[in-house]
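I opened a new notebook page for this model.

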Amino acid sequence: MDAFGSSGGGSSGSSQFSTDDLMNQLKVQINQVYAQELLETVSSKCFQKCITKPGSSLSGGESSCVSRCVDRYIEATGIIGRALFNAPR
């Protein structure tokens, strides 16, 4: 079985994926990887920036800082994504 869940080996099987199915599955996988990377990056960068003294809970200032940091990072990522997808090719 390959990464797309098919057995490979030619076109003899009746459960072959169409090109659209493969593209949709690839898009889902790319989005999952992107979401995981976004979460890891935001967690790392915002933690380093906002959490000065790690403890059992966040102070009000730390919580606000993390919230603003995440919001800014997501907004910046959206701006960059729109600029890249709307750029002339």
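I began with terms: helices (H or I, at least four residues) and strands (E, at least two) are DSSP runs, numbered from the N terminus. This is a predicted model, where local features need pLDDT of at least 70, side-chain atom pairs count only at pLDDT 80 or more, and totals for chains, interfaces and linings use all residues. Residues are numbered from 1 along each chain as its sequence is written, and side-chain values use heavy atoms, with hydrogens and water left out.

**Entry: overall fold.** I counted two helices and zero strands in the protein chain. I took buried as under 20% relative accessible area, exposed as over 50%, and partly exposed as in between (1.4 Å probe, protein chains only). Of the 89 residues in the protein chain, 10% are buried. I looked up the accessible surface too (Shrake-Rupley method, 1.4 Å probe). For the protein chain it is about 7,200 Å², and carbon and sulfur atoms hold 57% of that.

**Entry: core.** A nonpolar core here is a set of buried Ala, Val, Leu, Ile, Met, Phe, Trp, Tyr and Cys residues joined through side-chain atoms within 4.5 Å. The largest one has six residues: Val42, Cys46, Cys50, Ile51, Cys65 and Cys69. Helix H1 (19-50) and helix H2 (60-86) are the elements that each give it two or more residues. H1 supplies the largest share, three residues. I then checked Cys69 for contacts (heavy atoms within 4.5 Å). Beyond four places in sequence, Cys69 touches Cys46, Lys49 and Cys50.

**Entry: pocket.** A pocket is an open set of points on a 1 Å grid over the protein atoms alone, where a 1.4 Å probe fits, with protein on both sides within 12 Å along at least five of seven lines; lining residues have an atom within 4 Å of a point. Which residues line the largest pocket? I found Tyr34, Thr77, Ile80, Gly81, Leu84 and Phe85. H2 gives the largest share of this lining, five residues. The lining divides into four nonpolar, two polar and no charged residues, with Gly counted as polar.

**Entry: Thr77.** Thr77 sits in helix H2. Why does Thr77 count as partly exposed? Because its relative accessibility is 21%. Outside four places in sequence, Thr77 contacts Tyr34 and Leu38. Thr77 and Leu38 are 39 residues apart in sequence, with 9.1 Å from C-alpha to C-alpha.
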